[in-house]
Amino acid sequence: MTSKEFLSIIEQEANPSDYKKYLKQLSYKKISSDDKIAVFEVSNKYIASWIKSKYSAIIQHCFEKYDGTKPDIEIKIAGEKKSKKEIISEKAKNETAESTILNPSYTFDSFVVGSSNQMAYNASLAVSEKPGIQYNPLFIYGGTGLGKTHLLQAIGNDAIEKGKTVIYVTIEQFMNDFTFSIKNKNMEHFRGKYRKCDVLLIDDIQFLSGKEQTQEEFFHTFNELHNAKKQIVMTSDRLPSQIAGLVDRLKSRFEWGLTADIQIPGLETKIAIIEKKSELNGIALSREIINYIATNLDNSIREIEGVLIRINASASLLNQEINLELAQSLLKEQIQEKKDNIKLPDIISLVANELNIKPSDIKSKKRTATVANARRVVIYLARELTHNSMPDIAKFLGMKDHSSISKNIQKTNELIETDENFKLIIQNLKNKIIN
C-alpha cells in the first residue's frame, strides 16, 4: 500500500476535522521487516502521540480493509535519527522537564470569542506572545465548562510550537506527583519537572485548599519560576481571595499578575460555539437545530460538545439524516428535568426584570402595550417551559379562562414567525430561565 492509498482509505474512516488537521500529515513508510509493524512519520512528537492514542485502532482497520493484515502501529518523527545509546541517555535525564502532551484541538483559532470571555481570551493571547513578561501569573476563573481549560491548553500548544517546555497538570495531579515523590524519596526529580519548565499550566487550583504541605511546595515552585521569568497560568472556579483554606501568601502571589473571568455565554455566543464545534467535528446542522440546542441546553460548553457527539453518533448508527426531530428526542430527558424545576413566579420575575416593568403589573388588569406584551411573553414561556395547563396559567395570572391564554399563545407564535427581533427576545428569555 502506498502512502497515497492509505490516506484515501483513512479519509473515509476518520472525522473530517481530524483528517484535515492531523491525519493528513501521516506519511506511510513501510511494513517493518518482521511484517508486524506499520511505520509512519509526522512532523512532531505531539501530533504523533495524539494520533497514536486516538487513531491506532482505526489505522489498523484501514490495513484490514486493504489486505487483511492488522499490524502494530509505529509513528516516528520525520528526520529524527537517534541511536539506542541516545534514547537510553534521554530516558535517564530525569532532571530535564519534558512538555506535557496537550489536546491539539485546543487552540486560539478554535476558541469562540464573545463578550463573556473576551478579556480572558485577550489576556491568554498576550501571555502567549510574551510569556513570563506580561501578566505573570495569569489567573483565569469562572464556572465549570465555560472554556478555561481550552484557553489554558491553547497557551500551552502555542508555547510548544515555539519550542518552549510546557507542563500542564490539574492541581490534583500536582499533589499526587508530590506525594509519590516524597514516598519514593525522589523530590529532586519532582522539582526538576516543575521548576525547569518554561510554562507551567495548573488547572483547578481551588483544590489546593487545605493542603498545607502541598501549598508549601507550590509556594516555592511558584517563586522559583516567577523569579526566572517563566510563565505561570492557573484556572479556578473562583477568585484567589475566595478560595478558603489557601494561605495568604499564595493568595497574594496569585493576584500579582492579572485575574480574568469567563462568564456564562449569551445566546449569540452559544450559537457561535455550536456552529464552530459542529464545523470542527464535521457535523452538518440546520439553523433550526442550532437555535434549538442553544435555547434548550445549559451554558456548559462541555454539555454542548457532548450533545453534538450524541446527535452525530445517533444519526450514524440509525443511518438517518440529522433533523430537528432527532435533536428533540435526544434532548427530551434533559429538558424534562429542567421543566420540573421552573416555577411561574420565576418566569414573571425574570420577564419583568428584562422588560423593565413591575412583576405586579403582569398580574394586574392593566392593558397598556408594554404590559400586554410582557404578559403575552410570560404566558408563552409558562406554557412552553412548565407543566402547567392553560387553566392553571389563567388562574395564576388572574385571567378569566384558558381561551385568553390560547389567544395570547397564538399571537406570540405569529410574532415569532414574522418578527426576528421578537423571536430573539423570546429565545434569550427562554435560555435564561432554563439555565
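Ala, Val, Leu, Ile, Met, Phe, Trp, Tyr, Cys and Pro count here as nonpolar, Asp, Glu, Lys and Arg as charged, and the others, Gly among them, as polar. Sorted that way, the lining of the largest cavity in this predicted model comes out as 5 nonpolar, 2 polar and 2 charged residues. The residues in question are Val127, Ser128, Pro131, Ile155, Ala159, Lys162, Lys164, Val199 and Gln231. Two helices, α5 (118–129) and α6 (148–161), each put at least two residues into that lining. The space inside amounts to about 50 Å³, and a search of the whole structure turns up 1 cavity of 30 Å³ or more.

Next come the aromatic rings. The structure has 17 aromatic pairs. In one of them, the rings of tyrosine 28 and phenylalanine 63 have centres 5.5 Å apart and planes at 70°, so this pair counts as edge-to-face. The two partners come from distant parts of the chain, 35 residues apart: tyrosine 28 belongs to strand β1 (residues 27–31), and phenylalanine 63 to helix α3 (residues 45–67). Both tyrosine 28 and phenylalanine 63 are buried.

A stacked arrangement turns up for phenylalanine 111 and tyrosine 121, because their planes meet at 10° with the ring centres 5.9 Å apart. Here phenylalanine 111 sits in the loop between α4 (84–92) and α5, while tyrosine 121 is part of helix α5, so the contact ties together parts that are 10 residues apart in sequence. Once again, phenylalanine 111 and tyrosine 121 are buried.

Ring pairs also build a cluster, made up of Phe139, Phe174, Phe178, Phe190, Tyr194, Phe218, Phe222, Phe254 and Trp256.

Arginine 249 places its charged end over the ring of phenylalanine 219, 3.8 Å from the centre.

Going from asparagine 136 to proline 137, the peptide bond is cis, and its omega is near 5°. Proline 137 belongs to the loop between α5 and β4 (138–142).

Lysine 185 is not a glycine, yet has a positive phi of about 50°. This residue is found in the loop between α7 (171–183) and α8 (187–195). With a relative accessible area of 78%, lysine 185 clears the 50% cut-off and therefore counts as exposed. Asparagine 319, another residue other than glycine, also has a positive phi, near 55°. Its place is the loop between α13 (301–318) and α14 (324–339). The relative accessible area of asparagine 319 is 71%, so this residue is exposed as well.

Terms used
Residues numbered from 1 in each chain as written. Predicted model: local features only at pLDDT ≥ 70, side-chain atom pairs only at ≥ 80, totals over all residues. Heavy atoms only, no water. 1 Å grid on protein atoms, 1.4 Å probe; cavity = no way out; pocket = protein on both sides within 12 Å on 5 of 7 lines; lining within 4 Å. Points joined across faces, edges and corners; volume = space filled by probe spheres on them. Helix = DSSP H or I, 4+ residues; strand = E, 2+ residues; numbered from the N terminus. Phe/Tyr/Trp six-rings, centres within 6.5 Å; stacked < 30°, edge-to-face > 60°. Buried < 20%, exposed > 50% of the residue type's maximum accessible area, 1.4 Å probe, protein only. Lys NZ or Arg CZ within 6 Å of the ring centre and 35° of its normal.
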